Amino acid sequence: MIKKHWIALFFLFLLLPYLILTIFVEVKPEKTPQKEEEQKSSGFTVTLYRSEQNRFEELPLRDYLWGALAGEMPASYPKEALKAQVVACYSYLLHRQKTVAEHPAQNFGHDGDICDNPAHCKAYLPPDEAAARYGEDWYETSAPILSQAVDEVFGQALLYDQQPVNAVFHAMSGGYTENAADVWGAEVPYLQSVDSNWDKKAKDFSSTAEFSLDEMREILGQQDCSLGAVTLTEGGSVATQVIGGKSYTGRELRNLFSLRSTRFTLNIEEDTAVFSVSGYGHQVGLSQHGASILAEEGYQYQEILFYYYTGTTLQKDYYPSF
Ligand SMILES: [Zn+2]
């Protein structure tokens with residue numbers, strides 16, 4: 001018995017190097033440049049902070065982009081507008097990741113690569129939530145359209161000076177987009193005011209917001225609500241508006257009175273304050289409605305992106321390792 005054991009062990013010992021070699025050679029994948037590229041893109045995951053549920057989700061990049069597109073743009077928009085939106089969402093994500101990687105202490109209010117709160121980062125609507133919100137019919141007709149848009153521009157990033165851009169966007173401008181410097185204070189070379197007067201074709205381009213003078217006094221916390229001087233940004237929005245001797249920025253008034261944009265005129269009619277507002281959103285970068293009009297007129301997604309993000313270039317297969 002003992003002898004047999006020794007013989008078996010002896011053969012096993014002889015075979016060991018061969019066995020180890022076989023296992024490793026067989027398990028190890030064949031590496032070709034194409035496979036490496038595929039692995040890079042499929043292995044690129046996004047850590048998404050679901051703000052309402054207060055939890056993190058680890059997602060394949062493609063799934064994140066699908067959900068961001070579903071959350072940010074109607075599937076009924078033309079395909080070239082949808083593609084421009086995907087590239088903008090991807091570039092925004094890359095820019096945010098890079099900024100956080102370079103300034104680890106500055107996580108912009110939450111950990112993870114990005115969150116699903118459109119007021120903070122970008123909206124995100126995964127397939128199951130999209131079907132629940134819009135119905136199965138919507139899902140069946142729209143999901144393939146969104147998937148196709150994502151696939152056609154997957155891995156394409158918008159760059160400025162070889163770096164991914166902060167590709168911010170908004171629903172519709174008030175006729176012109178705004179310089180980033182006029183809205184957030186810091187100059188950004190690719191976020192400049194451009195003509196987008198075709199936004200006026202949108203059904204909900206104009207809106208009004210009315211407040212009694214009493215409400216206005218309460219909101220502003222001051223008795224005197226007489227209107228003074230107004231200054232405008234290059235894009236035509238309110239830079240500052242004097243009310244009762246006090247100067248407010250357009251952004252402050254937009255926030256205080258929940259206006260759809262800073263592109264407004266304010267009038268006092270008898271004892272009512274009337275804001276007449278154009279456009280919707282911060283008006284910086286790509287106008288989503290403007291992009292859809294340009295796409296309807298035959299412009300390609302690249303042309304739309306280069307128009308709204310001044311001086312940028314498009315890079316294919318951009319999968320940096322963070
Ligand atoms: Zn966020």
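Two residues are in contact here if their C-beta atoms, placed from the backbone, lie within 7 Å. With that in hand, welcome to this predicted model.

Three strands make up an open sheet, ordered β2-β1-β3, with mixed pairing. Because β2 (55–60) and β3 (114–115) stand at the edges with a single partner strand each, one side of each has no neighbour in the sheet. Strand β1 (residues 45–50) runs antiparallel to β2, and six bridges join the two. To find one of these pairings in the structure, look for Leu48, whose bridge partner in β2 is Glu57. Helix α3 (residues 61–72) packs on this sheet, where α3 touches β1 and β2. The direction of α3 makes about 110° with that of β2.

**Two helix pairs that share α6**

Helix α3 also meets helix α6 (residues 136–152), and their axes come within 10 Å of each other. They cross at roughly 125°, which means that α3 is oblique to α6. The crossing of α3 past α6 is right-handed. Which residues of α3 meet α6? They are Arg62, Leu65, Trp66, Leu69 and Ala70, and they face Leu146, Ser147, Ala149 and Val150 in α6. Sorted by kind, the residues of this contact are seven nonpolar, one polar and one charged.

Helix α5 (residues 127–134) packs against α6 too, at an angle of about 130° and with the axes 6 Å apart. That angle makes α5 oblique to α6. On the α5 side, the contact involves Pro127, Ala130, Ala131 and Tyr134, while α6 brings Glu136, Trp138, Tyr139 and Ala143. This contact divides into seven nonpolar residues, no polar ones and one charged.

Here are the two contacts, by kind of residue:

**A covered helix**

Is α10 mostly covered or mostly open? Helix α10 is mostly covered, with eight of its nine residues buried. The buried residues are Gln288, His289, Gly290, Ala291, Ser292, Ile293, Leu294 and Ala295. Among the elements that cover them are α4 (79–102), β6 (169–170), β13 (286–287) and α11 (301–308). Just after α10 you will find Gly298, which takes a positive phi of about 100°.

Terms used:
Residues are numbered from 1 along each chain as its sequence is written. This is a predicted model: local features need pLDDT of at least 70, side-chain atom pairs count only at pLDDT 80 or more; totals for chains, interfaces and linings use all residues. Two strands pair if DSSP finds at least two bridges between them. Helices (H or I, at least four residues) and strands (E, at least two) are DSSP runs, numbered from the N terminus. Axes are lines fitted to C-alpha atoms, for helices over the stretch in contact, and angles run from 0 to 180 degrees between N-to-C directions. Angles under 35 degrees count as roughly parallel, over 145 as roughly antiparallel, 65 to 115 as roughly perpendicular and the rest as oblique. A crossing is left-handed if the near helix is turned anticlockwise from the far one by less than a right angle, and right-handed if clockwise. Ala, Val, Leu, Ile, Met, Phe, Trp, Tyr, Cys and Pro count as nonpolar, Asp, Glu, Lys and Arg as charged, and the others, Gly among them, as polar. A residue is buried if 20 or more other C-beta atoms lie within 10 Å of its own, exposed if 12 or fewer, and partly exposed in between; C-beta atoms are placed from the backbone.
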